Amino acid sequence: MSEPTPDAEPRHDAVYTQLLRFRRELRTFLRWSEQTAGSSGLTPAVHQLMLAVRGNRHRRGVLGGLVGAAVVGVGVTSRVPS
């Protein structure tokens with residue numbers, strides 16, 4: 001294993017700082033999204049499904065794409081309101 005260069009550590013720290021900031025912002029967004037879904041009477045899973053369908057409405061094979069992206073879990077589609 002090679003020795004790290006003297007300037008490698010600060011860049012390494014900067015990456016972790018960026019990852020922490022991204023994770024914090026993502027969790028804040030997810031919390032907001034769950035609260036928004038709940039205030040509309042939707043579960044977070046159903047809200048996510050609705051967003052994915054609407055966002056993919058111009059693509060062919062929407063359901064296959066959602067399953068491939070692991071957006072639709074087992075049993076989620078049976079709980080989607082008509």
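These are my notebook entries on a predicted model of one protein chain.

**Entry 1: confidence**

I started with pLDDT. The mean for the protein chain is 76. I found that 60% of its residues reach 70 or more. Then I went through the elements. Helix 1, residues 8-39, has the highest mean pLDDT, 90. Helix 3, residues 62-68, has the lowest, 62. I keep a caution beside that value: where pLDDT is low, the predicted coordinates should not be read in detail.

**Entry 2: overall layout**

I looked up the secondary structure next. The protein chain has 3 helices and 0 strands. Read from the N terminus, the order is α-α-α. I also checked burial over the whole chain. Of its 82 residues, 13% count as buried.

**Entry 3: helix 2**

Helix 2 covers residues 44-55. I counted its residues and got 12. From first C-alpha to last, helix 2 reaches 16 Å. That is close to the 16 Å expected at 1.5 Å a residue. I then listed the buried residues of helix 2: V46, H47, L49 and A52. A note on spacing: an α-helix has 3.6 residues a turn, so residues three or four places apart point the same way.

**Entry 4: the largest pocket**

I searched for open space. The largest pocket holds about 180 Å³. Which residues line the largest pocket? I wrote down F29, L30, S33, E34, A37, P44, H47, Q48 and L51. Helix 1 and helix 2 are the elements that each give two or more residues to this lining. Helix 1 supplies the largest share, 5 residues.

**Entry 5: H47**

I picked H47 from the lining of the largest pocket. H47 lies in helix 2. Is H47 buried or exposed? Its relative accessibility is 17%, so H47 counts as buried; the cut-off is under 20%. I looked up its contacts too, leaving aside neighbours within four places in sequence. H47 is in contact with S33, A37 and L42.

**Entry 6: Q48**

I checked Q48 against S33, which sits 15 residues away along the chain. Their C-alpha atoms are separated by 8.9 Å.

**Entry 7: recap**

Conventions: Residues are numbered from 1 along each chain as its sequence is written. This is a predicted model: local features need pLDDT of at least 70, side-chain atom pairs count only at pLDDT 80 or more; totals for chains, interfaces and linings use all residues. Side-chain values use heavy atoms; hydrogens and water are left out. pLDDT is the predictor's confidence in each residue, from 0 to 100. Helices (H or I, at least four residues) and strands (E, at least two) are DSSP runs, numbered from the N terminus. On a 1 Å grid over the protein atoms alone, a cavity is a set of points where a 1.4 Å probe fits but cannot get out, and a pocket is an open set with protein on both sides within 12 Å along at least five of seven lines; lining residues have an atom within 4 Å of a point. Grid points are joined across faces, edges and corners, and a volume is the space filled by probe spheres set on the points. The expected span of a helix is 1.5 Å times one less than its number of residues. Buried means under 20% relative accessible area, exposed over 50%, partly exposed in between (1.4 Å probe, protein chains only). Contact means heavy atoms within 4.5 Å.
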